[in-house]
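Hi,

Here is the structure we talked about. Please have a look; my notes follow below it.

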Amino acid sequence: MTATTGALANALTDVPGFRVGHAQRVGEGWLTGVSVVLAPEGGAVAGVEVRGGGPGTRETDALDPRNLVPRVDAVVLSGGSAFGLDAAGGVVGWLEEQGRGFRVGTEPTQVVPVVPAAALFDLGRGGDWRARPDAALGRQAAQAAASAVVQGNVGAGTGAVAGGLKGGIGTASLRLPSGITVGALVAVNAVGSAVDPVSGELYAARFGEPGEFPALALSPQDGPPAERPGALNTTLAVVATDVALTKAQAHKLAGTAHDGLARALRPVHLLSDGDTVFALASGARPLPAPEGDPAFAVHAEAGALNEIFAAAADVVTRAIGHAMLAAESVGGFRSFRDMCANQPNSG
């Protein structure tokens, strides 16, 4: 029996309890935004792994398994480089008003929302270097959180660029034979390319479910434009699951999910990228119980976890493909679809 995308919306929000919100500003010098993944009530166990050489992050130390906070309430992905981390403050304020956060007093309102965040580089892509997300835009994204996930030039993907082509927000999901669901949201903004220079196809399309990706390819003469020397980027992702994981297991989930970036973007994890993946586990479903000889229980548990970890890499890869397909040309950045529009196999 194999994993399936059947009866799913193919989005991170197929994982019960999670919602995604976007807010962005475009025009008059603006081309940037914020995306928020809201955890279910009570929060989610979280992990993170940073593999890029130029990250911009907030509250990632709280996710260390050695540290106090057991769960987080949301994750913020933002444009604006380090300036864009201000957006997390707006999400924190909104969550406080909802009474959600780490309890620090006897009153229900005495909470500190835990909101890790990471930022990607899109400064100046709309024309104004100072046009970057702030707390107000972060609050707007949190308020917009819903089960339907918009893809393309939205949220943190508004000003995203990948290998010289327009990047954006993408999402995908998978349900395992055990019933466990794994989903991903990715803001694709890479120095490396999402396009195979030989075939002209998206690398991610090789890993799609049957019929998931159209047969689109760039011709050799219309290959993706080269990024300028010294380009600064960063691809950000959130993977979520409904299974119960420890903080250490969530960290491992974030680490294996990075394999999805490596399949769909080449090269990846460069000094000019700040590639960061967050993992969230709601704990709504128990990890499948080991069967058979108790002496091999640890191996059975590892096998169950391995399926989840492998699924995380798969959905990240596919989410990158959807981001590139949903992206729209803007300013001087052309989308993959527009570059393919006149090709014979574009139908």
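Helix α3 is largely enclosed by the rest of the structure, because 13 of its 18 residues are buried. Bear in mind that this is a predicted model. α3 covers residues 247-264 and spans 27 Å from first C-alpha to last, close to the 26 Å expected. The helix lies across β3, β13 and β14 (276-285). Its angle to β3 is about 45 degrees.

Now the sheet. It is open, has five strands and runs in the order β3-β14-β13-β12-β11, with mixed pairing. β3 (45-50) and β11 (168-175) are the edge strands, each pairing on one side only. From one strand to the next, the twist averages 15 degrees. β12 (181-188) and β13 (236-243) pair antiparallel over six bridges. V186 has A237 in β13 as its bridge partner.

On to charges. The structure holds seven salt bridges.

- D64 with R66, at 2.5 Å from N to O. D64 is buried at 17% relative accessible area, whereas R66 is exposed at 72%.
- R139 with E97, the closest N and O atoms being 2.9 Å apart. R139 sits in α2 (135-143) and E97 in α1 (87-97), so the pair ties together parts 42 residues apart in sequence. R139 is partly exposed at 25%; E97 is exposed at 55%.
- D196 with R206, at 2.0 Å from N to O. Both residues are in the loop between β12 and β13, 10 residues apart. D196 counts as buried at 11%, and R206 as partly exposed at 46%.

Best wishes

Note on methods: Residues numbered from 1 in each chain as written. Predicted model: local features only at pLDDT ≥ 70, side-chain atom pairs only at ≥ 80, totals over all residues. Heavy atoms only, no water. Helix = DSSP H or I, 4+ residues; strand = E, 2+ residues; numbered from the N terminus. Expected span 1.5 Å × (residues − 1). Buried < 20%, exposed > 50% of the residue type's maximum accessible area, 1.4 Å probe, protein only. Pairing = 2+ DSSP bridges. Axes fitted to C-alpha atoms, helices over the stretch in contact; angles between N-to-C directions. Contact = heavy atoms within 4.5 Å. Salt bridge = Lys/Arg side-chain N within 4 Å of Asp/Glu carboxyl O.
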